[in-house]
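Here is a short tour of one protein model, with the helices and a few single residues as its stops. Please keep the viewer open as you read along.

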Amino acid sequence: MCCSPYSITKDNEMTVLIVGAGPTGLTLACDLARRGVPHRIVDRAAEPFIGSRAKGLQARTMEVFDDLGIVDRILDGGEPFPKFRLYQGHTVVWERTVDELLGAPARSASPSIPYPGPWLIPQWRTERILRDRLAELGGGVEWNTEISGLTQDSDGVTLHTGDGSLRADYVVAADGGRSTLRKALGVGFEGDTFDIERTLIGDVRADGLDGRRCHLLTGGGDVGERFSLWNLPDSDYYQFVATVPAERTPELTLDAVRQLCRDRSGRTDIHLHDLRWISLYKVNVRMVDRFRVGRVFLAGDAAHVHSSAGGQGLNTGVQDAYNLGWKLAAVIDGADPALLETYAAERMPVAAQVLGLSTLLHHQDFHGGDSAPSIDQLDITYRNGPLALDDREAPGPLRAGDRAPDGVLSSGKRLFDLFRGPHATVLAVGAAVEDFGVPTVAAEGYDVASGTYVLVRPDGYIGAISESAAAIRKYLAATVLPSEPRPASFDAANIGGRRPGW
């Protein structure tokens with residue numbers, strides 16, 4: 001068992017307990033660790049999960065991982081999404097990119113968007129990279145720790161385990177779609193289940209396929225009757241995916257998977273072997289009616305589940321964690337506890353939007369539609385939310401609540417290099433550079449009028465846009481700046497990163 005060095009019961013220090021060591025929980029743990037926030041992360045599993053599962057990282061998640069200092073490892077461990085190739089038997093019917101399938105224009109890397117497309121990397125590798133980063137920051141996962149229930153009072157939360165109990169000031173439930181904590185809290189999980197179908201997924205080695213693609217195997221060319229095999233980066237394994245009728249689900253064996261592949265493809269030259277993991281699941285489209293109960297917060301699949309179409313699940317969970325991490329740290333360091341209420345206010349509308357998007361793509365099922373939905377999560381915004389201050393008389397295209405675009409300063413330094421770390425940043429666009437208590441830099445070319453200050457929150461979203469330095473100071477004092485600064489556990493300036501060329 002690997003334990004975090006931070007005690008859960010340090011005197012006079014608020015602490016956070018994260019339940020669930022998937023991408024959501026690990027992202028939050030890394031963010032808290034680099035802020036020096038005492039925390040623990042536990043998981044009921046005996047060891048890390050070995051399957052590819054959610055294998056696509058969207059552009060906004062890549063930006064979060066850039067900020068966490070792991071984007072180099074993510075880039076080294078993955079590759080751009082391959083083309084989709086539809087077969088009719090041995091004949092190739094078509095090849096299309098993700099953008100072509102969505103009916104969206106292809107996007108290239110640019111100064112404002114350094115990671116323009118989805119990145120293919122198996123989930124087990126993403127989790128390993130996050131665990132390694134957490135270890136570098138002094139933390140670690142405690143395995144074999146199952147939570148059976150909880151009680152809470154005005155001072156904290158007690159979680160019950162088979163060996164006793166754990167006590168924390170705040171708890172984050174990141175324990176998946178079947179969340180024990182969500183059920184213990186009695187939180188509603190409303191939505192639908194696609195009862196007529198099941199999804200079969202797993203990892204297997206495959207012989208007889210050429211090229212690195214998402215191979216959509218069919219016998220008659222009907223994309224709705226396919227057996228998909230995805231090449232996995234830096235691996236001999238493929239992820240297989242097939243939708244099957246609920247009344248005719250196969251056994252979870254290699255022989256059954258082989259038979260399904262033959263039946264769907266009409267081919268006998270593809271040899272599947274070395275089954276690594278396999279799962280059969282119902283597609284649920286559900287979300288909670290609350291993201292918070294007292295001192296317990298819900299994040300990731302514990303708060304929302306949906307179809308895998310469009311690759312939104314893992315990415316939305318990472319964004320939940322990143323929205324919550326800096327707010328927990330700020331409150332623990334003395335900010336108004338009301339800041340924590342903004343987590344639900346900002347993330348619940350996003351979860352609802354993502355559920356709608358993934359359901360739309362699920363029903364389109366590679367057949368396209370009348371619109372070109374965006375899956376990169378770059379357009380997610382908190383405009384009109386409780387933390388968006390934009391007091392300009394004539395707001396432009398870029399507004400408070402939007403993602404803060406990357407860019408290049410006159411010095412040649414990238415804005416993402418400036419933003420990287422646990423701090424907020426102020427851009428003085430044609431305005432006097434003043435001491436705001438956070439990194440402040442003169443900037444040109446940002447999409448606002450000269451004489452404007454742009455405050456970028458610690459999670460890379462724009463908190464405030466104003467021509468008033470006093471308004472920026474007031475915003476920082478109310479939300480970001482701690483009453484007693486806590487030293488960060490690493491030097492952000494020393495973390496570099498290799499990124500795609502523009």
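Let's begin in the loop between β2 (39-42) and β3 (56-57), where R53 has its place. Helices and strands here are DSSP runs (H or I of at least four residues for helices, E of at least two for strands), numbered from the N terminus. This is a predicted model, in which local features need pLDDT of at least 70 and side-chain atom pairs count only at pLDDT 80 or more, while totals for chains, interfaces and linings use all residues. Residues are numbered from 1 along each chain as its sequence is written, and side-chain values use heavy atoms, with hydrogens and water left out.

**Loop residues with positive phi**

- R53 has a phi near 40°, a positive value in a residue other than glycine.
- R53 counts as partly exposed because its relative accessibility is 40%; buried means under 20% relative accessible area, exposed over 50%, and partly exposed in between (1.4 Å probe, protein chains only).
- N144 is not a glycine either, yet its phi is positive at about 55°.
- The loop that holds N144 runs between β8 (141-142) and β9 (147-152).

**Helix α2 and its residue D67**

- Helix α2 is mostly covered, with 9 of its 9 residues buried.
- Those buried residues are A59, R60, T61, M62, E63, V64, F65, D66 and D67.
- After α2 comes G69, with a positive phi near 85°.
- D67 is found in α2 (residues 59-67), and it counts as buried because its relative accessibility is 10%.
- The D67 side chain makes a polar contact with the side chain of R34 at 2.9 Å. A polar contact is a pair of N or O atoms within 3.5 Å; within protein, one must be able to donate a hydrogen and the other to accept it, and residues adjacent in sequence count only if both atoms are side-chain atoms.
- Beyond its neighbours within four places in sequence, D67 is in contact (heavy atoms within 4.5 Å) with R34, Y322, F419, R420, G421 and P458.

**How the helices pack**

- Axes are lines fitted to C-alpha atoms, for helices over the stretch in contact, and angles run from 0 to 180 degrees between N-to-C directions.
- Angles under 35 degrees count as roughly parallel, over 145 as roughly antiparallel, 65 to 115 as roughly perpendicular and the rest as oblique.
- A crossing is left-handed if the near helix is turned anticlockwise from the far one by less than a right angle, and right-handed if clockwise.
- α2 and α8 have axes 9 Å apart and pack at an angle of about 45°, so these two helices are oblique to each other.
- The crossing of α2 and α8 is left-handed, and R60, T61, V64, F65 and D67 of α2 meet N315, V318, Q319 and Y322 of α8 there.
- The axes of α1 and α8 come within 8 Å and cross at roughly 25°, which makes α1 roughly parallel to α8.
- α1 and α8 cross in a right-handed sense; P23, T24, T27, L28, D31, L32 and R34 of α1 touch L314, G317, V318, A321, Y322, G325, W326 and L328 of α8.
- α1 (residues 23-34) and α5 (residues 123-136) pack at about 20°, with axes 9 Å apart, and are therefore roughly parallel.
- α1 and α5 make a left-handed crossing, with P23, L26, T27, A29, C30 and A33 of α1 in contact with Q123, E127, L130, R131, R133 and L134 of α5.

**The two sides of α11**

- In α11 (residues 469-479), the buried residues are A469, A471, I472, Y475, L476 and T479.
- They lie on the same side of α11 because they cover an arc of only 160° around the axis, taken from the directions from the helix axis to the C-beta atoms.
- The buried residues of α11 pack against α8 (313-332), β23 (389-390), β24 (425-429), β26 (452-456) and β27 (462-466).
- Turned away from that buried side is the face with the exposed residues A470, K474 and A477.
- At the start of α11, a side-chain oxygen of S468 comes to within 3.3 Å of the backbone nitrogen of A470.
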